[in-house]
Amino acid sequence: PAVPDPAAVAKLAEHFFQTPRGQKPLPTDTEAQVALGRMLFHEPRLSKNHDVSCNTCHGLDTFGVDNKALSDGHRGQKGSRNSPTVYNAAHHIAQFWDGRAATLEAQAEGPMMNPVEMAMPDAKRVEATLSSMPEYTARFRAAFPKERKPVTLAHAAKALAAFERTLTTPSRFDRFLAGEHAALTAQEQRGLEAFVTTGCTTCHNGPAVGGTSFQKLGLVEAYPTLTDAGRFDATKNEDDRGYFRVPTLLNVEKTGPYLHNGSVKDLPAMVRLMGRYQLGRTLKDGEVDDLVAFLKSLTGELPPAERISAPPLPPSTKRTPKPDPS
């Protein structure tokens, strides 16, 4: 592609450098915490029946999702919302579609206790499971050396969050923003310009191209078939009804199906729907093609296998609670 005007690029790029308002600096994690978090992410014994792990719904080799509209949890039960990607989640202003968890740490505890997901009865079961295996006891002690009681649900959540903060996916778009303008094709550059001028950056901005705000689904025109109350479920504030945390668009090519309920399978269709219901625009075929081309440039590189593949897990002992299918 022709080298774009530097001033024009700078104006386009400014939408993707801002830190979300109110987002605190990321904590400093230790290697011991990250290593422990990787083990716990792949640990099915954190579920009641020892058959669901974080990776079950957030496959790290499939861009942090399972590509299902609704994921399968304990006893094959399905949740009510689509499982969002865990990649680049540290850039989000809050976690879950309704933002009920302010941090990755708070989010990590939720699925373990959710009766539809991992279905652990309480924190004591989680702690009894982890404490029953000497290797975990030692790893928790190394990860939290100043704590009198290292093996706790809260510390497990901290380790998971530490690991998830390493899950980033640098893309060609990042190289473009850094000044390597040939990293995007001419069509992708047109798509980026359309993305900004059409108004997509009103919601999809910041380092994760989203995740920085809550927005109403059906902002300009009422979205058909919307029955989910969204953020209202977390706040009970009527003004939040129908609002959802804006998803990241990083790797969006790979993370369908789309929306909070996984009801849209096709990326071009999703672009058209957002144009109509969020921006009040009927996008032309060429515009959609350019926008989709740009969105595909946001597909990044997965971390190396030695960071995201399942590590060896310690064997159960006689004290490890048995699988419970009830």
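Is Thr 282 buried or exposed? Thr 282 is exposed, because its relative accessible area is 75%; exposed stands for over 50%, buried for under 20% and partly exposed for values in between, with a 1.4 Å probe and protein chains only. The residue sits in the loop between helix 11 and helix 12, where helices (H or I, at least four residues) and strands (E, at least two) are DSSP runs numbered from the N terminus. Its C-alpha atom is separated by 7.1 Å from that of Arg 272, 10 residues apart along the chain.

The model is predicted: local features need pLDDT of at least 70 and side-chain atom pairs count only at pLDDT 80 or more, while totals for chains, interfaces and linings use all residues. Residues are numbered from 1 along each chain as its sequence is written, and side-chain values use heavy atoms, with hydrogens and water left out.

The domain assignment of the protein chain gives domain 1 (6-22 + 169-298) and domain 2 (31-168); such bounds come from an automatic or database assignment. Between the C-alpha centres of domain 1 and domain 2 there are 27 Å. In contact (heavy atoms within 4.5 Å) are 30 residues of domain 1 and 25 residues of domain 2. Together the two domains bury about 2200 Å², and carbon and sulfur atoms give 59% of that area; buried area here is the accessible area (1.4 Å probe) that two parts lose on being put together, summed over both. Thr 169, Arg 245 and His 260 supply 26% of what domain 1 buries against domain 2, more than any other three residues. The count of salt bridges between domain 1 and domain 2 is 2, a salt bridge being a side-chain nitrogen of Lys or Arg within 4 Å of a carboxyl oxygen of Asp or Glu. The side chains of Asp 228 and Arg 81 form a salt bridge at 2.8 Å, N to O.

Next comes the interior. A nonpolar core is a set of buried Ala, Val, Leu, Ile, Met, Phe, Trp, Tyr and Cys residues joined through side-chain atoms within 4.5 Å. The largest one has 37 residues, and among those with the most contacts inside it are Phe 173, Leu 192, Phe 195 and Leu 298. Two or more residues each come from helix 1 (6-13), helix 8 (172-177), helix 9, helix 11 (267-279) and helix 12 (285-296). Helix 12 gives the largest share, 5 residues. Leaving aside residues up to four places away in sequence, Leu 192 touches Leu 12, Phe 16, Phe 173, Phe 176 and Phe 294. A second, separate core has 32 residues, including Leu 46, Met 112, Met 118 and Ala 162.

An unreviewed UniProt entry lists Cys 200, Cys 203, His 204 and Met 274 under "binding site"; UniProt positions follow the numbering used here, feature names are shortened, and annotations may be inferred rather than shown by experiment. These residues span 75 residues in sequence, but no two of their C-alpha atoms are more than 11.5 Å apart, so they gather at one spot. Cys 200 lies in the loop between helix 9 (186-198) and strand 1 (214-216), and Cys 203 is also found in the loop between helix 9 and strand 1. Cys 200 is buried, with a relative accessible area of 18%, and Cys 203 is buried at 14%. Not counting residues up to four places away in sequence, Cys 200 touches Phe 195 and Leu 279, whereas Cys 203 touches Gly 210, Thr 212, Ser 213, Gln 215 and Val 246.
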